[in-house]
Amino acid sequence: MSTTPSLAKPAEPAEPAEPAEPADAPPPDRRPPRHRVLPRVRHVALPLGSLLLFLVLWQLLAASHTWSETLVPPPAKVWDAFVDVSTTHDGVRGYNGTTLVEHLGISLRRIALGAGLGILAGVVFGLLMGTVGWLRSLFEPWITFLRTLPPLAYFSLLIIWLGIDEEPKVTLLAVAAFPPVAVSTTTAVAAVPKALVEAARALGASRWDTVRDVVVPSALPETLTGIRLAVGVAYSSLVAAELVNGLPGIGGMVKDAANYNNTPVVLVGIIAIGVSGLVIDGLLLRLERVAVPWRGRT
């Protein structure tokens with residue numbers, strides 16, 4: 001009598017082992033949602049809280065009558081001035097026939113044109129001075145000399161040369177924006193590691209290819225920082241640029257209102273310049289994060 005041999009059960013395939021996490025990998029964020037939301041709330045709440053505190057202190061200072069309302073008007077009067085220059089009231093449209101938004105738009109157009117020309121020239125000069133040593137020796141003292149001059153020091157000369165129309169205003173803003181970009185770009189280009197340049201040349205890259213593919217990406221973070229500084233310098237030069245024949249324009253509005261001791265309108269103009277500057281700086285910072293996401297990483 002034959003017996004049927006017993007069949008051995010095949011072994012089950014072993015499950016693949018999960019890949020081990022690298023030692024330097026950051027731990028997963030296991031915090032509850034509440035702990036992830038709190039930093040975002042603080043990021044918004046702290047600026048709003050500081051603004052509220054500033055308004056309270058401003059109101060208390062105005063109510064103490066330490067200075068007259070001509071010097072320190074209360075926030076309510078500044079708000080009324082904001083409404084007046086933004087709308088048509090008693091048959092008067094805005095300030096000097098132009099609303100606040102229109103004044104600001106004209107000034108922003110001047111800044112965009114003037115600062116844009118200065119930034120473009122600064123990038124070009126920075127690349128040239130950073131890559132060609134004798135050009136840096138030739139132009140760097142002049143750029144440093146120009147960077148130390150306040151805008152009012154040469155604005156009168158620009159008026160003599162270019163008249164009182166748009167040309168001296170745009171030129172002043174361009175001259176003010178040029179040095180920060182030129183200096184930052186030159187420094188960044190000169191700091192590019194020579195090993196990267198030599199490796200690119202060894203692989204057959206031409207001088208232009210090396211500048212385009214190695215020098216420019218390496219210098220881009222500092223160049224963008226210089227652009228942000230240049231826009232800030234252009235904003236600080238705006239009132240100076242609109243001292244003569246600046247209406248319409250936000251700086252011209254501030255200057256004209258100051259001539260009549262109209263402090264509320266002066267404060268409205270200053271706040272408009274500051275808020276628009278914050279918005280533009282935030283946009284430039286966002287552009288910097290998108291264009292150079294590797295900045296700040298090791």
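I will go through the salt bridges and then turn to the aromatic pairs.

Please keep in mind throughout that what you see is a predicted model. As a general point before the details, side chains of opposite charge can pair when their charged atoms come close.

Let me start with Lys77 and Glu69, whose side chains meet in a salt bridge with a distance of 2.7 Å from N to O. Lys77 has a relative accessibility of 41%, so it counts as partly exposed, and Glu69, at 37%, likewise falls in the partly exposed class.

The next salt bridge joins Glu140 and Arg136, with 3.4 Å from N to O. Here both partners belong to helix H4, which covers residues 133–147, and because they are 4 residues apart they are separated by about one helical turn. Glu140 is partly exposed with a relative accessible area of 34%, while Arg136 is partly exposed at 26%.

In helix H8, residues 207–236, we find Arg212 and Asp209, which sit 3 residues apart, or about one turn of the helix. Their closest N and O atoms are 3.1 Å apart, and the two form a salt bridge. Arg212 has a relative accessible area of 42% and is partly exposed, and Asp209, at 24%, is partly exposed as well.

Now to the rings: how many aromatic pairs does a search of the whole structure find? The search finds 4. In one of them, Trp79 and Phe82, the ring centres are 5.2 Å apart and the planes lie at 35°, so this pair is tilted. Both residues are in helix H2, residues 75–86, and because they are 3 residues apart, about one helical turn separates them. Trp79 is exposed, with a relative accessible area of 53%, whereas Phe82 is partly exposed at 33%.

Another pair, Phe125 and Phe139, is edge-to-face, with 5.2 Å centre to centre and 85° between the planes. This pair links distant parts of the chain, since Phe125 is in helix H3, residues 100–131, and Phe139 is in helix H4, 14 residues apart. Phe125 is partly exposed at 29% relative accessibility, and Phe139 is partly exposed with a relative accessible area of 29%. Finally, Phe125 and Phe139 belong, together with Phe178, to one aromatic cluster.

How values were computed
Residues are numbered from 1 along each chain as its sequence is written. This is a predicted model: local features need pLDDT of at least 70, side-chain atom pairs count only at pLDDT 80 or more; totals for chains, interfaces and linings use all residues. Side-chain values use heavy atoms; hydrogens and water are left out. A salt bridge is a side-chain nitrogen of Lys or Arg within 4 Å of a carboxyl oxygen of Asp or Glu. Buried means under 20% relative accessible area, exposed over 50%, partly exposed in between (1.4 Å probe, protein chains only). Helices (H or I, at least four residues) and strands (E, at least two) are DSSP runs, numbered from the N terminus. Rings of Phe, Tyr and Trp (its six-membered ring) pair if their centres lie within 6.5 Å; planes under 30 degrees apart count as stacked, over 60 as edge-to-face and the rest as tilted.
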